[in-house]
Amino acid sequence: LTILAWGNSMADLSANATMARKGLANMAMTACFAGPFFNILVGLGIGFSTLANRTGQAERTVYLQPSISAGFWYLAANSAVILVTGIFISNGKVPKKYGYIALTLYIC
């Protein structure tokens, strides 16, 4: 599953890096969050709609595993740090060192 996720993200990485190199860093940062967010919303929407149509149940209980919960909190914290850094501390720009910090957190 991880290999598939990396393969799916390579096109986004290439496009976002190209946008950042052309001076469109804000658009690249937006795409880093908007693309996966859109994929999750559409993927879950289609999946649950199909499930509801097949089973006739409008509601479904979903249980979160600890790894999913940890991933959510990591994304929430990372998003909050980018927001605070970009808007309040750096006058609308995210410093380059934050990219290295985010990459280090991802690898750990």
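Ser-67 is found in helix α3 of this predicted model. At a relative accessibility of 52%, Ser-67 counts as exposed, because the threshold for that class is over 50%. Ser-67 and Leu-4 are separated by 63 residues in sequence, and their C-alpha atoms lie 18 Å apart in space.

The mean pLDDT of the protein chain is 83, and 98% of its residues reach 70 or more. Within the protein chain, the lowest confidence falls in α4, with a mean of 78, whereas the highest falls in α2, at 87.

Just after α3, Asn-91 adopts a positive phi of about 55°.

The buried residues of α3 are considered next. Asn-78, Ile-82, Thr-85 and Gly-86 are buried in this helix. The elements that cover the buried residues of α3 include α2 (25-55) and α4 (96-107). For Asn-78, which is found in helix α3, the relative accessible area is 13%; this residue is classed as buried because the value is under 20%. With residues up to four places away in sequence not counted, Asn-78 touches Tyr-98 and Ala-102.

The packing of α3 with α4 was described by angle and distance. The two helices, α3 and α4, pack at an angle of about 175°, and their axes are 12 Å apart. Because angles over 145 degrees count as roughly antiparallel, α3 and α4 are therefore roughly antiparallel to each other. On the α3 side, the contact is made by Tyr-74, Asn-78, Val-81 and Ile-82, and on the α4 side by Tyr-98, Ala-102, Leu-105 and Tyr-106. By class, the contact of α3 with α4 has seven nonpolar residues and one polar residue, with no charged residues. Asn-78 and Ile-82 are among the residues of α3 that make this contact, and both are buried.

In helix α4, Gly-99 was also examined. Gly-99 has its place in helix α4 and is partly exposed, with a relative accessible area of 40%. Gly-99 and Leu-75 are 24 residues apart along the chain, and a distance of 14 Å separates their C-alpha atoms.

A further buried asparagine is located in another helix. Asn-16 lies in helix α1, which covers residues 2-21. The relative accessible area of Asn-16 is 12%, so this residue is buried under the 20% limit. Leaving aside neighbours within four places in sequence, Asn-16 is in contact with Ala-28, Ala-31 and Cys-32. Helix α2 runs over 25-55, and it is included among the elements that cover the buried residues of α3.

Notes. Residues are numbered from 1 along each chain as its sequence is written. This is a predicted model: local features need pLDDT of at least 70, side-chain atom pairs count only at pLDDT 80 or more; totals for chains, interfaces and linings use all residues. Side-chain values use heavy atoms; hydrogens and water are left out. Buried means under 20% relative accessible area, exposed over 50%, partly exposed in between (1.4 Å probe, protein chains only). Helices (H or I, at least four residues) and strands (E, at least two) are DSSP runs, numbered from the N terminus. Contact means heavy atoms within 4.5 Å. Axes are lines fitted to C-alpha atoms, for helices over the stretch in contact, and angles run from 0 to 180 degrees between N-to-C directions. Angles under 35 degrees count as roughly parallel, over 145 as roughly antiparallel, 65 to 115 as roughly perpendicular and the rest as oblique. Ala, Val, Leu, Ile, Met, Phe, Trp, Tyr, Cys and Pro count as nonpolar, Asp, Glu, Lys and Arg as charged, and the others, Gly among them, as polar. pLDDT is the predictor's confidence in each residue, from 0 to 100.
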